[in-house]
Amino acid sequence: MPLAPNDVRSFSGLDDVDRAILTELTADGRLPNNALAERVGVAPSTCLTRTRALRECGAIRGFHADVDPAAVGLPLQALVSVRLTAHERAAVDAFRARSVRLPGVVSVFHVAGAEDYVLHVRAASGDALRDFVLDHLAVDPAVRHTETSLIFEQARGMG
């Protein structure tokens with residue numbers, strides 16, 4: 001279940017075993033339950049029950065494959081900073097709802113500072129990236145300004 005934009009969940013009820021499960025799954029989301037149980041020091045049935053509970057409470061938001069964008073024809077990545085024209089809640093929420101559905105958008109970050117949003121975008125080429133900005137952002141009346149930064153290299157952290 002996706003979170004609402006301002007939904008703040010308390011995970012204070014998580015214990016050391018729950019946190020160990022989350023740490024192991026962060027490192028390897030495909031870890032089989034038996035191996036996960038062994039690594040965190042609990043029975044497989046306990047591990048399965050706790051993992052399900054972590055999914056149900058929203059601590060585990062999902063599992064995904066980390067696919068090389070070039071393998072699916074989208075080798076170019078960029079961060080597009082967006083400054084909105086208005087900052088009323090309705091306008092901000094509406095932009096967020098639209099932007100997550102735009103083609104090529106990987107992630108949408110609502111940020112503090114001079115810009116309001118940063119969109120992580122994948123595209124087939126420089127022309128396709130330009131067309132994305134012109135066709136989806138420059139024509140949006142909610143958007144005052146955009147600035148695009150190309151991503152030369154991406155390295156994932158462990159956190």
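## Ala27 and the basis of the model

At 52% relative accessibility, Ala27 counts as exposed (buried means under 20% relative accessible area, exposed over 50%, and partly exposed in between, with a 1.4 Å probe and protein chains only). Ala27 belongs to helix α1, where helices (H or I, at least four residues) and strands (E, at least two) are DSSP runs numbered from the N terminus. Between the C-alpha atoms of Ala27 and Glu38, which are 11 residues apart along the chain, the separation is 15 Å.

The model is predicted, so local features need pLDDT of at least 70 and side-chain atom pairs count only at pLDDT 80 or more, while totals for chains, interfaces and linings use all residues. Residues are numbered from 1 along each chain as its sequence is written, and side-chain values use heavy atoms, with hydrogens and water left out.

Helix α1 (residues 16-27) and helix α3 (residues 44-56) have axes that come within 10 Å and cross at roughly 80 degrees; the axes are lines fitted to C-alpha atoms, for helices over the stretch in contact, and angles run from 0 to 180 degrees between N-to-C directions. The two helices α1 and α3 are therefore roughly perpendicular to each other (angles under 35 degrees count as roughly parallel, over 145 as roughly antiparallel, 65 to 115 as roughly perpendicular and the rest as oblique). On the α1 side the contact (heavy atoms within 4.5 Å) is made by Val17, Asp18, Ile21, Leu22 and Leu25, and on the α3 side by Cys47, Arg50, Thr51 and Leu54. By class, this contact of α1 with α3 has 6 nonpolar, 1 polar and 2 charged residues, where Ala, Val, Leu, Ile, Met, Phe, Trp, Tyr, Cys and Pro count as nonpolar, Asp, Glu, Lys and Arg as charged, and the others, Gly among them, as polar.

The axes of helix α2 (residues 33-40) and α3 come within 8 Å and cross at roughly 100 degrees, which makes α2 roughly perpendicular to α3. Here Asn33, Asn34, Leu36 and Ala37 of α2 meet Pro44, Cys47, Leu48 and Thr51 of α3, and the contact of α2 with α3 has 5 nonpolar, 3 polar and no charged residues.

## Leu36 in helix α2

Leu36, which lies in helix α2, counts as buried at 2% relative accessibility. Not counting residues up to four places away in sequence, Leu36 touches Ile21, Glu24, Leu25, Leu31, Cys47 and Thr51. The C-alpha atoms of Leu36 and Ala142, 106 residues apart along the chain, are separated by 46 Å.

The buried residues of α4 are Val92, Phe95 and Ser99. They cover an arc of only 65 degrees around the axis, which puts them on the same side of α4; the arc is that of the directions from the helix axis to the C-beta atoms. Arg89 and Ala90, on the other side of α4, are exposed. The cover over the buried residues of α4 includes β1 (76-84), β2 (105-110), β3, α5 (126-137) and β4 (143-151).

Rings of Phe, Tyr and Trp (its six-membered ring) pair if their centres lie within 6.5 Å, with planes under 30 degrees apart counted as stacked, over 60 as edge-to-face and the rest as tilted. The count by this rule is 1 aromatic pair. The ring centres of Phe95 and Tyr117 are 5.1 Å apart and their planes stand at 55 degrees, so the pair is tilted. This pair links distant parts of the chain, with Phe95 in helix α4 (residues 89-99) and Tyr117 in strand β3 (residues 117-123), 22 residues apart. Both Phe95 and Tyr117 are buried.

## His120 in strand β3

His120 has its place in strand β3 and is buried, with a relative accessible area of 9%. Leaving aside neighbours within four places in sequence, His120 is in contact with Gln77, Ala78, Leu79, Gly104, Val105, Val106, Ser107, Phe109, Ile151 and Gln154.
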